Amino acid sequence: MAHDIMSQFYTCLNLPFQEKLMELTRLIDQTGPNKDLQALFPQLINNIFAPLHNGWGLRQITFEANRYEFEALLSFLEPQGPMFRLCYKLLYDPQLKYNLPLNTLPLDLQMTLERGRCPQFYADMLTMDSNSMNIVALALNPFDYYIFNFALYLINNNQNKSSWDNWNSVYFALACDYLMHFLPSDPNVSVLPHIPHYTGKVPMAAPLQTANRPLCSPSLLVLPDLSGISNQHVNSPQTQSRNEVWRSETVLQIFIDLWMSVEPFNNRSIEMYQRTYHNVSSSPERVRIVRVLVKHIHSFSAKYNSDPAIRSSTLRKYARQIMCSRAYHYVKHLVMTWPLDASFRLVMELWLSLIQPWRYTDNSITQDRFPSTQRNQDETNTSLDASFTQFIAENFPSYTCILQMILPRFTRLDLSSYKNAVMLFRVGKVFSQQHLVPILMNLEKAITDSVSGLQSPDNSGVNLDQSYTYNGVALSKWVAIAKQSISELNMAATFEYDPIWSENKNNFMLEFVKRILSAKHTADKNLENYSNKLNQQNQGFWSSLKQWLMMGNTEEEAVLLEEYKKVPNYLTSCIHYFTNIFGVSENMLLPLETELLDNSIEHSSFANSTNNFTLSIAQKLRNTPTGVQYMGDPDLMPIMSFENTILVRMLYQIASRLNDMYGEEFSMLWRRNDFWGYVSREILQKPVTIHTYVKDASYHQNIINQELPPRLSLRRLGSHMFVVWISLGYILFRLFSYSGIMYVFFLIILWSFFVLCRASLKILRIIKD
């Protein structure tokens, strides 16, 4: 029987994809927990997440490109699917452990574990070498082992370039599903299935705490109601409580520690970092997944005080605090290393989500998981009020320090460009929320006053507990927390906080607003020039003829014109935002200058926050490959230089008419699994999801997804090369005295033979489908 299970398993791995998943599901469900399943489990994990051959391709398979494989993988790996049923089946043996070598973990986590400063979560996992007494591995139960490998798959495969259009990959969908299932936002929802038979988690001890907040980032599940440190019986609710929420604890701690890991570097290793930048830096997909994690943890933590009797209340209370500490260093690293281009919007939106927990008190990541669903207006769910003052104080550097790193980037960008103007508008809009800047400004003033008082030769009369208030709320009790957060989050011994709202920043603030004014002036000119250009093109006989022949790119011109019109509006709002944020009076602004010196920022004290990083922006741009891919309707892609404009337009009209007439028949043929189904899939274009950017009234840019069914496309026949070959073939036939009708008949026979042969070979699986 044992040999039979082993042979069935290895046979499954060699089957075609969907058959492999079906057979593995049958094998898992029909086999009870035994030694053979225990031995096969790590081999199955390695097969799924193999780094060398990209495993099962979780980050490459998308719903749009491979719908059937996408759905099959989701069904197999979903939170209550066969893979997790196997994990829970193996948990019947609480002593079963799988070793994960320490060197497979991110370097910063390795260093933390080796120095003995690891969270209590890892305390019962560490495996020591008997000779050297060094930590060599983590001993994990089957569930933890799977979650660790799932999280590592994202950060250990950066050498496989992530395509910008792979937003809806299997991996992203699973990450969202795991967060929603194991960290439910609703406190009354429990994690399914219940597994009361597993008691392998060791209760934790409560940490030392100050009156206001823990001295350091706490471990999860550390309060007495979950620790069992009081004299309770083994079967008491307090002792059993961790076993009820340990899966949530595992998903939370591992996702935060691995996905937000930062590759450490210093000036001596900077040359090596430059050579390997594209491998060690975060992919766009990773940044997007981390943002989903941040948003969900904000929502998860918002419910911690809804019912203190709920077992997950302690987990919810500390989840946000642990996440924010790691996210600060992760975002700071991204800001220092990300290329100076419009893709920085990903990093910026991650940062803005981190510092706005009030947006996600009732947030659901369903809109991220299912992009085609109706978008929720989460920006207006909850406004900033006094209840978030503690969060702002605890994460004070996440607002001020990162803002000081981001603003100099905009002085090196063309702000009259649409995408750059949108990014600046987003920063200004967030920091212009009511109460935010006044709270930050008053906290900073209290911090700098207390520091200057301590450093004063005669500080006997300085009262460090003096009352700082804003809007009737006393801030003095939050000042100590804000100062502590600065020292905790910026661990460098030489770090000294540089205040934003100080006199030595006045020049920078004034120059920054002037730069926006100059960009607005340039944007107005660009709009005027482009409008004049369109007006000139749309006049005369030739423009009318082009429109009649559909040779003009009118849709693209309309989109560009709309963007040109919006840029001055964005920049006008930015001027208003940043004059209020910086406290710049309009009377201080000098007459508008059309050009500002590029090196104006270098004379500002803000330059000190970024110039100490040796890797220059220019070097990163040279060393980082960039790629832009078309995300719209393939048949409406801008006409290329190798295509005949008139022919492409005519063929598109013909194909559109045929698709309108026979669209349902095309879809039915595409779904058939017989010979004619294979033939139709050789002729028709596969279904795809196209993405269209739409801006709403609040200037928020949404992506609207549209499903295109199987359809006929004649675009390939519009190239100049095709016309040349067809013409040469016709001339050759005429030389042998054949008529044009014979030539057309010959082409049809040749094309039919090619299509039928390919369909037959795919049925026989001689060539890949």
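Tutor: What follows is a close look at the nonpolar core and the aromatic rings of this predicted model. The largest nonpolar core has 174 residues, and those that touch the most other members are Y146, W259, W351, F431 and F578. Helix α14, which spans residues 313–337, gives this core its largest share, namely twelve residues. If we take F431 as an example and leave aside residues up to four places away in sequence, we find that F431 touches W351, I355, Y399, L403, L436, V437, L440 and I581.

Turning to the rings, a pair of aromatic rings is described by the distance of the centres and the angle of the planes. The whole structure holds 46 aromatic pairs. One of them joins F512 and F582 in an edge-to-face arrangement, with 6.0 Å from centre to centre and 80° between the planes. This pair links distant parts of the chain, since F512 belongs to helix α22 (residues 506–537) and F582 to helix α24 (residues 554–582), and the two are 70 residues apart. Both F512 and F582 are buried.

Rings can also be looked at together with charged residues. The charged end of R288 sits over the ring of F172, at 3.7 Å from the ring's centre, while R681 lies over the face of Y678, 4.8 Å from the ring centre.

Conventions
Residues are numbered from 1 along each chain as its sequence is written. This is a predicted model: local features need pLDDT of at least 70, side-chain atom pairs count only at pLDDT 80 or more; totals for chains, interfaces and linings use all residues. Side-chain values use heavy atoms; hydrogens and water are left out. Rings of Phe, Tyr and Trp (its six-membered ring) pair if their centres lie within 6.5 Å; planes under 30 degrees apart count as stacked, over 60 as edge-to-face and the rest as tilted. Helices (H or I, at least four residues) and strands (E, at least two) are DSSP runs, numbered from the N terminus. Buried means under 20% relative accessible area, exposed over 50%, partly exposed in between (1.4 Å probe, protein chains only). A charge sits over a ring if NZ of Lys or CZ of Arg is within 6 Å of the ring centre and within 35 degrees of the ring normal. A nonpolar core is a set of buried Ala, Val, Leu, Ile, Met, Phe, Trp, Tyr and Cys residues joined through side-chain atoms within 4.5 Å. Contact means heavy atoms within 4.5 Å.
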